Amino acid sequence: MNDFLHDWGLAVITFLPLVGALVMLLIPKTEEQTHKLVALGTSLAAFAVGIWILFEFNYDAAERMQFTIDRSWIELINSRFIMGVDGISLPLVVLTLLIVPLCLIYSLNHIPEPGNPKAFLILILILETGMVGSFVAQDLILFFVFFEVVLLPMYFMIGVWGGEQRQYASIKFFLYTLFGSALMIVSFLALYWLTGADSFGMADLAASSGGISSTAGFLIFGGMFIGFGIKVPIFPFHTWLPDAHTQAPTVGSVILAAVLLKLGTYGFVRIGIGILPDPAHDWAPIIAIVATIGIIYGALGCLAQTDMKRLIAFSSVAHMGFVMLGIATLTDYGINAAVFGMVAHGLITGMLFFLAGSMKDRYHTLEIKRLGGLLVQAPRMGWILGFCAMASLGLPGLAGFWGEFPAILAAYQPAEGLSETLFRTCMVIAALGTVLAAGYLLWLLQRTAFGTPKEEFENNSHVSDVSPTEWTAWLPLLVLILILGFLPGLMFDVTNPAVQAISSVTGG
Amino acid sequence: MDWFLTHAWIIPALPALGFVLILLFGKRFLGPTRAHWIGVPLIAVAFVLSICTGVAWIQHTNDPHGGPLADVQEECSRTVQATGSEEPAEHADEGPTEGHAAARGRSVAQEDHGTEATTTQEGGEEHAEAEKHHDTQPVVRCVSWFDTGDHSFTIGTLVDGQAVMLLFVVTLISLLVHLYSTDYVNGDRRYTHYYAFLSLFTSSMLFFVLAENTLQMMVGWELVGVCSFALIGHWWEEKPNSDAALKAFITNRVGDVGLIVGVIVLFFGAGQSFSIIDINIGANEGLMNHTVLLVASCCLITAVMSKSGQFVLHTWLPDAMAGPTPVSALIHAATMVVAGIYMVGRLYPVFFEGLAIGGSSINLLALVGGVTAVFGALLAFVQKDIKKVLAYSTVSQLGFMVTALGVGAWTAAMFHLFTHAMFKACLFLGAGSLSHASHHSFNMVDDMGGLRRVMPRTYWTYLIGTLALAGIIPFAGFWSKDEILAGTGSANEGVGNYHFALVMLLIGAFCTAAYMTRTIWYAFYNGEYKGHGHPHESGPVITWPLIVLAALTCVIWLVNIPTKFFFDWRPPESFTLKFEHYVEPVGPFFPGSSDNFTHAEFNGWIAALSLLVAGGGLLAGYLFYWKRALKPLENLAEKSRLAAFFKNILVNKYYFDWLYTDVIVHAVKKPIAAAAYWFNQKVLDGVVDGAGKTAVASGRFVYDKIDQGVIDGVVNGTAVVATESGGELRRTQTGRVQQYAALFFAAAAILAGIFVLVIG
């Protein structure tokens, strides 16, 4: 068994959810409880294998790809079926494997309108395959396929189970991301042809990418910049995000925030910088500028919101700005911070969306001015909201800090050849962004949790405290936010070797 | 005894444990009124441990061994790693110290607890200075926290005189406040929550105090801020309270920008190290660029301005009085607000070199402190709320400490921090006792009066606190304030010649004495009691902490008796300057060895002047309120338009709140945020929507001819899926989407081909 998992573990975690989805297709739609259990069981099985990988992973060689699978796949275009995890992918894979079962637990009694758990849960499992596959794929075509597999289930999730404007939001999400993907695949193909590499394997491409001209490199990276940048999303490609988040059902928002956005930042680190370190240098100042604009702009956008869920959505723009700033420095400090920031944002913002969903269930509105006094009516939920707001604003001692502060730190001394003046300016502006973050999050907390309930909800018995299902789904996230906050080494020590392998090429 | 120095981490761990236990079991197992059963014993143990650590430190200082870095664990400091056994020569040739057999050693940090393996070497000849000042040996212990980049970052404890002093202050005041609260907060709607956060605050503060590196300091710094937020907003049902909490947190965040940038600048300046020892040695021995130090100190001063309530970021502190009174005593007077002072003291070489404190006559620290000392004190005159008077008094006194640091009087600043903690806690708890008696009001003008007869214990302790704060001999405040005044070097030899600072502090001292007399008049005299109900003396649980603190106020000055006194009287040397001896560091991590660094001696003229000024303030208050002898000054604002103008400025707190809340915050929250959002929706999203609509329109046109609307099909698919089964979903995907995918790849390949042909 161990040998089998060593050889095929990554394929197992990737395709097990798909197998679960296929099984569910055979079960009649009316067996709702069975569907829920099959879906949850499948994702838990995948998670268990993920934990096994976590224990079997060789941390002393975290810079190397491990559990590799390398089989011929589409010989016609020299694309191979290559999978592997290193210190950068591992935390993201485990995050994905954790988030999905938690979402399924939450869905046990939170299937959004218009119901049909069978279809809903199948979509989540397909999503899981796409997400895990993207993080373990080491071949560009394979990566691209998984990257696109994610798109459709999310499109249907928003379009069918979403809010009032679901049609608009889902089409916008779909077309916008598709547009980015188109540029991305053009870049991938051009990269392959221009380098003359033996295959679409990332390692092959990285080894032979030095030969392409700087103009070509710049344009190819530009295609990826737009493709990944839309997914992240970085300013000014972010406008699909607030709509998608606001309209998506709760677990859709959670998965979107916790994992989907990271496909973009992960792509920057693994493919953008990993394969094209020199063009990355040319693009770094641009990325740093848009990232910094995103930090301030996202925060201002938050301050203008009247809807809690839309506010949280906008905060992602600001938070991903810190991640992108870390990446733009091209240094080991910065990229480590970025990977930490991805996971921390996944945990924290995922948790905030869970809360928003549960509050919507209770109040049937998320309009901030109608809410208030959550701490009176549901004290535990109120405290969790306070805890997450503190984590989200980057409080030291909670996970959010370790994505933010080291990214700001890294900007003081970017990689060789990058303008110190520019990056230090970005550093100061980014630091100012932390004030705005405190502003909009505490303002949200004050208006929703403090005070006394508004008249219309005063004697509303629907507003109950955290239910057991919710506790089960949330507790792992809350504990991780706390543990990673106090023991950041748990993650930095894993990512650092792999990040250094990348930053040694970029001169960071 | 060294065990206490190397295991100091236990002290913050105890209240942290208390927090967790109270949170998990407080309400469930102890009921809603007994959370202190967990909180009080743990903080009491922490207090005992702090005293033991203090005693251990005294023994450690009396019994030096090895060089100044002998007790720094190698992993914690890059300097120690780099020098290894090659200790810089200048620290080795100081002679053996007076009365202590241990000789100085050359080697550093190759042993665990320092005592066994020190290679002993005879130093050079004895010289007079070395007799009195041998190097201090901070005890630094750490463990690896995380690795990023090429460096491993550590977390640990730095125990030295400064840390030990604050450990004592924090645990003492915290213990008294814990006890006091069992009565004062009794019956509160969130008693358990109150004790949980009190414990968490104590733990965070101790964590901050013991921090071995600046990163760790930052963590503690923010955590105390959160506890402050939670406790200011303790009664969050009322909007003014949550407003005050938000104001405190966000104002502090503004200062934290300075902290973040300052810490980063120092990190790179010290060769990528957060270690306080490394930073201090780097700054002190000229290894760090002066510009770097200047930028870092200016940034860090911003942080001090917010945390320690200095102008112009002081506005949150008076509002913070919205929290329960024991919290005001502990957090917003005695401990948390001195974090800024402590941080400057910790990184003193950075400020000393960066601001060129030695031999100068003005710098940013002295300016900020001096301005705050006076302008904070002036605001106290127009307050009706007794807690607000004390809050502005805290602002002003913190200004004294900042000035002291600015003029190079490090020990004076620390000593004032030490004494101020005692008498200010006494005053705040006294104000709490007053309000406890007078129907929970803090309005001394309208709801108190004549309370001296019914509340004798509160009255006497409050009076002692007032005299100490005013700086009347022999109470603690006189001695520490006098050291600061002498330290300005204006009239005698000091680090520099800070005339401006001396003038400002004297004005501040006059005002302090006068406004404190005012509070005594309104609360304890002023005819009969004016509030509701029948006032009564508070119970023993409330009055005993007052008595303890008042007693300490009377005696703690003994720890730092000056070497000479009025009329050149010299106390026996073995009693003098103990505080300075055990608290002030000596060694490469402190500017003490700098040529400019001298210790101002007691100066009879300055002391007499300060007594005269303070006495003048008391007398003015006495004449004005008791004797009504200053009739022309009564109701001055009604008689003179100029006076009315100034009073209006004071009542409006110099319009800072208006500027911050109504102008800046409002501008960011409303027009600027709205403009950004308008840009987002109309411009950016407009472009996206426009592009999307055009694409859909042209797509529909094209595909209508080839296929019956791929995009439309997908759109319609959603509606179908909503109603039909999963089978329909499958058909939609396999049918339409495959075609779309094929087209998509073909188009991409063609574009890429064109690209390769053109560029390649």
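View 1. Look for A:Ile69, which stands opposite A:Met83 in strand S2 of chain A. Keep in mind that this is a predicted model: local features need pLDDT of at least 70, side-chain atom pairs count only at pLDDT 80 or more, and totals for chains, interfaces and linings use all residues. Residues are numbered from 1 along each chain as its sequence is written, while chains are lettered from A and ligands numbered from 1 in the order in which they are written.

View 2. Strands S1 (residues 66-74) and S2 of chain A run antiparallel, joined by six bridges; strands count as paired if DSSP finds at least two bridges between them. Strands (E, at least two residues) and helices (H or I, at least four) are DSSP runs, numbered from the N terminus. Four residues sit between S1(A) and S2(A), and A:Asn78 takes a positive phi near 60° in this hairpin. S2(A), residues 79-85, is mostly covered, with five of its seven residues buried (20 or more other C-beta atoms within 10 Å of a residue's own, C-beta atoms being placed from the backbone).

**View 3. Where chain B touches chain A.** Chain B puts 56 residues into the contact and chain A puts in 64 residues (a contact means C-beta atoms, placed from the backbone, within 7 Å). Elements of chain B that each supply at least two residues to its side include strand S1 (139-148) and helix H29 (656-706).

**View 4. Chain B itself.** This chain has 31 helices and two strands. Of its 760 residues, 56% count as buried.

Definitions and conventions
Buried ≥ 20, exposed ≤ 12 C-beta atoms within 10 Å, placed from the backbone. Contact = placed C-beta atoms within 7 Å.
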